[in-house]
Amino acid sequence: MHMADALFSPAVGATFWAASAVTLVAASRRLQSDQREDLVPLMGVLAAFVFTAQMINFTIPGTGSSGHIGGGLLLSILLGPHAAFIAIASVLTVQALFFADGGLLALGANMFNMGVCTCFVAYPLIYRPLMRHAGAKPSRQRVAWITTLATVLGLQLGALGVVVQTQLSGISSLPLGGFLLLMQPIHLAIGLVEGVATAALIVFVREARPDLFARDALPAQAAPQVRVPARWLAGFAALAVLTGGVMSWFASSHPDGLEWSIARVTGQANVADGGSRVHALLASLQAETALLPDYALPSASEPSRSEPEQPAWPTVEAGTSLAGIVGGVVTFALVLLVGLVVRRRQRLTLHVQP
Amino acid sequence: MCNRDAALREIASLQDAAARDTPLGRLDPRAKILTVLGFAVVVVSFDRYAVTALLPLALFPLGLAAAGCIPLGVILRKVLIASPFALMVGLFNPWFDTQSVALAGGLHIGAGWLSLASIVIRFVLTVSATLLLVAGTGVVPLCHGLRALGVPPALTQQLLLLQRYTLVLTGEATRMQLAHALRGGALRGLPLAQWASLLGHLLLRALQRAQRVHQAMLSRGFAGALPVANSYGWHSCDTLFLLGCSAFFVLVRGVHLPQALGAVLLRVAA
């Protein structure tokens with residue numbers, strides 16, 4: 001359930017990037033003050049383990065389909081939430097860069113959905129209190145139940161995050177209720193499967209290496225307290241929400257949010273090539289399109305940039321005029337042509353230097 | 001099993017592409033990261049119904065592929081098999097957004113189809129640019145670039161270790177699963193009990209390996225940070241690349257190029 005760039009608006013993407021970046025900085029500060037010296041290689045190897053574990057599927061009894069684990073809770077249990085968040089962030093980054101899961105802009109939101117929700121919500125608020133409550137020697141069943149519950153709730157939060165981000169971005173037309181009804185039950189099922197698998201793994205490793213789980217029973221955090229003051233975090237979070245809110249308000253009231261803000265900042269409508277001939281030529285072409293009613297349908301002519309009130313769908317109109325369609329088709333053909341030329345050239349160079 | 005091998009081959013193919021000496025590979029990683037990030041922001045900043053206006057942006061990934069001598073086929077294949085989540089969500093648009101838009105010539109189309117087309121184009125553009133960034137840079141320079149841009153060293157170290165040990169642990173998992181299969185187990189889709197035992201042992205081995213790695217790192221003088229060889233410097237060609245690409249993005253964002261092109265063609269035809 002990686003979010004994809006294609007479903008994001010810039011404001012929402014930036015807001016969640018800000019939230020994840022602040023968490024990332026805080027977690028790495030916290031890590032530097034940690035006493036455990038072997039944490040760096042341990043995090044690297046365990047992140048690689050999660051990556052590998054996600055590629056090995058197990059069968060789900062009675063269905064014939066298969067599942068794999070998410071790993072956020074597993075890493076939190078073995079490494080503590082801060083190191084786990086950084087490890088999960090690195091896994092998500094590699095997935096985004098190498099496997100095209102999500103994208104650069106969506107990476108922040110994915111870190112939030114799959115990292116923050118499990119490492120900083122499900123682990124400290126569900127898993128740890130319940131385990132502490134269970135005492136020093138909890139039974140297998142108890143460990144399994146607690147792990148499953150924490151996994152399910154973490155995944156539910158993550159799925160909720162996906163729905164909220166998609167809705168706020170407004171690229172998809174799915175209604176909120178329908179999307180929620182679609183996502184939450186699916187992820188309840190996925191969460192149960194993941195939870196049982198994580199629980200099986202935790203129970204197995206607990207028996208083999210009980211020393212790794214000593215910290216579960218500790219009454220309080222032994223590590224020194226947070227270096228990043230809580231009010232800094234709160235300030236950053238408030239700033240992120242404010243920025244996101246303000247930007248998305250502009251984005252919704254002025255569909256051309258970026259252009260609008262550029263116009264405000266520079267005092268003119270288009271910044272690039274301010275007075276160059278290319279720009280003047282293109283601008284005059286654009287003006288002429290609107291003056292040629294024979295070619296552009298009257299209702300479909302593009303409103304000029306400086307027009308104060310914009311119709312509800314500015315770009316639909318711009319993209320559907322006759323000139324827009326002809327130009328679009330020709331551009332598409334040109335792009336294809338460039339692609340073919342690039343491919344051909346590469347074949348040639350590959351032949352030359354095998 | 002085969003998807004794991006395919007995944008490994010894909011990582012290897014991207015690493016191979018990055019190892020070659022190309023014009024794209026010689027650029028400073030920071031310039032490439034910033035440009036691709038700017039590209040993603042520009043792509044998603046378009047109106048949700050923008051279709052034709054997005055098309056000129058495809059020249060950017062094509063240019064990257066040309067400058068990096070990266071086979072387009074590899075990138076396209078990866079884009080196609082990439083997570084279909086965006087497409088699945090997008091497929092609902094035609095159902096829920098049924099407002100009709102007038103096309104030229106009296107034709108009408110549901111607005112949802114336009115936004116679906118827009119999502120598909122955005123997806124291809126952003127995903128291919130990201131893949132080309134990796135294929136044209138390589139992991140180690142990329143991590144150095146990220147570090148220089150202010151990403152916490154804890155994360156960049158993780159990325160380096162992760163890409164190193166993913167190959168090691170995946171190889172180990174493949175051998176364990178093969179041994180299991182040779183003794184009569186299932187090759188893929190293990191029952192949960194066997195899966196937990198197999199992965200549990202892999203986890204134990206991974207923990208032991210982490211201890212050995214730590215010992216090895218300590219004996220080589222590790223003191224909290226991995227050294228990254230810095231063989232890059234910001235040259236004028238990096239500035240040129242960054243500014244040139246940005247100017248192109250702003251031009252495409254500000255001026256509806258296909259529309260202008262269409263107007264010229266129609267005038268010529270008339």
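In chain B, Cys69(B) sits in the loop that joins helix H4 (59-68) to helix H5 (72-81). The model examined here is a predicted one. The phi angle of Cys69(B) is near 50°, a positive value in a residue that is not glycine. Is Cys69(B) buried or exposed? With a relative accessibility of 18%, Cys69(B) counts as buried, because the cut-off for buried residues is under 20%.

Turning to charged side chains, six salt bridges are found over all chains. In chain B, Glu172(B), Arg205(B) and Arg209(B) are linked in a network of such bridges. Glu172(B) pairs with Arg205(B), with 3.2 Å between their closest N and O atoms. Glu172(B) belongs to helix H10 (residues 153-182) and Arg205(B) to helix H11 (residues 192-219) of chain B, so this pair ties together parts 33 residues apart in sequence. Arg209(B) also forms a salt bridge with Glu172(B), its closest N and O atoms being 2.6 Å apart. Here, too, the pair links helix H11 with helix H10 of chain B, across 37 residues. Glu172(B) is buried at 8% relative accessible area, and Arg209(B) is buried at 18%, whereas Arg205(B), at 39%, is partly exposed.

Chain A as a whole has 13 helices and two strands, and 49% of its 354 residues are buried.

Technical notes: Residues numbered from 1 in each chain as written. Chains lettered and ligands numbered in written order. Predicted model: local features only at pLDDT ≥ 70, side-chain atom pairs only at ≥ 80, totals over all residues. Heavy atoms only, no water. Helix = DSSP H or I, 4+ residues; strand = E, 2+ residues; numbered from the N terminus. Buried < 20%, exposed > 50% of the residue type's maximum accessible area, 1.4 Å probe, protein only. Salt bridge = Lys/Arg side-chain N within 4 Å of Asp/Glu carboxyl O.
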